[in-house]
Amino acid sequence: MSTVRPSSAEISEAQQAESLREAMISTLREMGAIRSDRVAEVFRAVHRDWFTRGASLEEVYSATAAVHMKRDEQGVAISTVSAPELQAFMLEQADIQPGMTALEIGSGGVNAAMMSWLAGPEGQVTTVDIDPEVTDRASRLLDAAGYARVNVVCADAENGAAEYAPFDRIIVTVGAWDIPPAWIDQLAPGGRIVVPLRMRGLTRSLALEREGDRLVSRSAMICGFVKMQGVGANREQLLPLRGEKVGLRFDDGWPGEQAPALDGVLDTPRAEVWSGVTVGGRESFDTLQLWLATVFPGFGRLRADPDQRAVLVDEGHQWFDLAAVDGGSVAYVTTRRAGPGISEFGAHAFGPNAAVLAEAMAEQVRIWDREQRRGPGPSFAVWPADTPDERLSEGLVIDKRHHRITVSWPAAATAAGQGNQD
Ligand SMILES: C[S@@+](CC[C@H](N)C(=O)[O-])C[C@H]1O[C@@H](n2cnc3c(N)ncnc32)[C@H](O)[C@@H]1O
């Protein structure tokens with residue numbers, strides 16, 4: 001019997017992969033994405049390069065980059081191997097223990113292999129993807145990597161995977177607009193769903209557990225994901241502010257009917273208010289996004305063609321896609337330099353009510369800074385669609401197809417005194 005020895009090129013590539021892998025694990029620990037030894041160990045045991053043939057090792061082992069495996073006709077990514085940072089954080093949120101049954105929605109191979117490693121030989125992992133090309137590839141790569149035990153199903157995951165249910169854990173690795181009822185029905189008692197949920201155009205990875213007839217969040221993290229296709233897909237609507245060149249994107253809370261023609265509003269005089277609230281270059285302000293979405297009923301995400309920058313802000317200033325419409329007026333967040341590496345938040349507004357709306361937006365930035373910035377952030381709950389208003393938690397209510405989602409904030413005093421949720 002003859003054995004095939006790896007060539008010296010293969011050996012040096014394996015060594016390079018190993019050193020990049022260790023560097024990635026250290027970075028993920030420093031970032032707080034890996035918090036447990038088990039998740040560090042699974043990143044060591046499951047080699048990402050087994051599942052990302054064709055990509056460079058540097059790309060594959062970057063802690064923060066997704067590897068795009070497939071794009072649609074417009075060039076938009078529809079299938080990716082998610083960034084290690086996201087996978088690590090979601091695996092920590094899921095806390096998969098040996099012997100558990102787990103469902104992954106959206107397949108790529110690598111994350112299902114990690115889930116299978118964590119569930120161990122007594123556990124069972126199923127992964128579902130709507131795209132047969134993706135499932136064929138995942139199946140092949142999982143087999144080759146020694147994870148043939150993972151069940152790979154080609155289907156629209158709107159219906160879960162009833163034949164392998166119930167699940168102790170469900171990890172959704174595609175941006176969901178709502179929680180389909182099947183996911184909750186197929187969740188075992190005491191189970192947990194980790195899902196990147198889109199709310200007012202903002203996506204948060206929520207770890208949700210059952211409490212009575214609703215799901216409540218245990219942790220939340222800002223993230224971005226390709227959007228879900230199939231029955232659960234939701235189309236974004238664009239409210240034009242300057243033809244097709246500048247507009248507000250809404251994927252729920254569409255204010256189109258109430259908003260009189262806003263197209264052209266950016267050609268009216270601009271109101272500008274600065275908040276006095278500053279932010280460091282690398283500081284996250286993801287709770288500000290959710291705060292503005294909560295307090296402004298017409299909250300949407302601003303999008304502009306690159307050549308429209310000069311219309312939106314002065315030279316050296318930056319615009320953010322956090323915006324709100326109110327009647328015929330629109331306001332959005334901007335920043336200006338306040339010192340080395342420090343910027344001050346402000347608001348620009350246009351339309352008949354511009355001055356009032358710009359001041360209202362700057363004031364909400366001040367309130368967030370005073371009452372919520374250093375707090376744990378909001379909690380989220382997913383209620384049945386027929387839940388009456390009076391039963392819902394205080395805060396923002398977002399009506400979806402199957403559920404009502406609430407985003408609730410701690411009282412100001414509590415928020416000011418606590419650290420981050422995760
Ligand atoms: C970010 S990728 C999954 C990444 C993967 N879990 C990994 O190992 O990195 C998202 C996947 O979701 C799939 N998808 C989109 N809509 C779906 C649906 N309704 N049902 C099942 N899969 C869906 C896409 O085909 C795509 O392959």
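These exercises walk through a predicted model, each with a worked solution.

Residues are numbered from 1 along each chain as its sequence is written. Local features need pLDDT of at least 70 and side-chain atom pairs pLDDT 80 or more, while totals for chains, interfaces and linings use all residues, and side-chain values use heavy atoms, with hydrogens and water left out.

**Exercise 1. Domains**

Solution. 
- Then look at the interface. Contact means heavy atoms within 4.5 Å.

**Exercise 2. The largest nonpolar core**

Describe the largest nonpolar core: how many residues does it have, and which have the most contacts inside it?

Solution. 
- A nonpolar core is a set of buried Ala, Val, Leu, Ile, Met, Phe, Trp, Tyr and Cys residues joined through side-chain atoms within 4.5 Å. Buried means under 20% relative accessible area, exposed over 50%, and partly exposed in between, with a 1.4 Å probe and protein chains only.
- In soluble globular proteins, nonpolar side chains tend to be buried together.
- Give the count. The largest core has 61 residues. Ile170, Ile179, Trp183, Ile193 and Phe345 have the most contacts inside it.
- Trace the sources. Helix 10 (residues 354–371) gives the largest share of this core, 8 residues. Domain 1 and domain 2 each supply at least three residues to this core.
- Zoom in on Ile193. Leaving out residues up to four places away in sequence, Ile193 touches Ile170, Val172, Trp183, Ile184, Leu187, Leu206, Ala207, Leu208 and Leu215.

**Exercise 3. Two helix pairs**

Work out how helix 8 packs with helix 10, and how helix 2 crosses helix 4.

Solution. 
- Note the terms. Helices (H or I, at least four residues) and strands (E, at least two) are DSSP runs, numbered from the N terminus. Two packed helices are described by the angle between their axes and the distance between the axes. Axes are lines fitted to C-alpha atoms, for helices over the stretch in contact, and angles run from 0 to 180 degrees between N-to-C directions.
- Take the pair of helix 8 (residues 286–295) and helix 10. Their angle is about 125°, and their axes are 10 Å apart. Helix 8 is therefore oblique to helix 10. Angles under 35 degrees count as roughly parallel, over 145 as roughly antiparallel, 65 to 115 as roughly perpendicular and the rest as oblique.
- List the residues that meet. Helix 8 brings Thr287, Leu288, Trp291, Leu292 and Val295; helix 10 brings Gln364, Val365, Ile367 and Trp368.
- Turn to helix 2 (residues 37–45) and helix 4. Their axes come within 10 Å and cross at roughly 135°. So helix 2 is oblique to helix 4.
- List this pair too. Val39, Val42 and Phe43 in helix 2 meet Pro84, Gln87, Ala88, Leu91 and Glu92 in helix 4.
- Check the cover of helix 4. Of its 11 residues, 10 are buried. Leu86, Phe89 and Met90 are among them.

**Exercise 4. Backbone details**

Locate Asp95 and Arg200: is each buried, partly exposed or exposed?

Solution. 
- Begin with Asp95. The loop between helix 4 (84–94) and strand 3 (101–105) holds Asp95. Its phi is near 50°, a positive value in a residue other than glycine. Asp95 is partly exposed, because its relative accessible area is 36%.
- Go on to Arg200. The loop between strand 7 (187–199) and strand 8 (202–211) holds Arg200. Arg200 has a positive phi of about 50° although it is not a glycine. Arg200 is buried, because its relative accessible area is 12%.

Which two residues does a cis peptide bond join?

Solution. 
- Name the pair. The cis bond joins Ala165 and Pro166, with omega about 5°.
- Pro166 sits in the loop between strand 5 (151–154) and strand 6 (167–172).

Methods. Domain bounds come from an automatic or database domain assignment.
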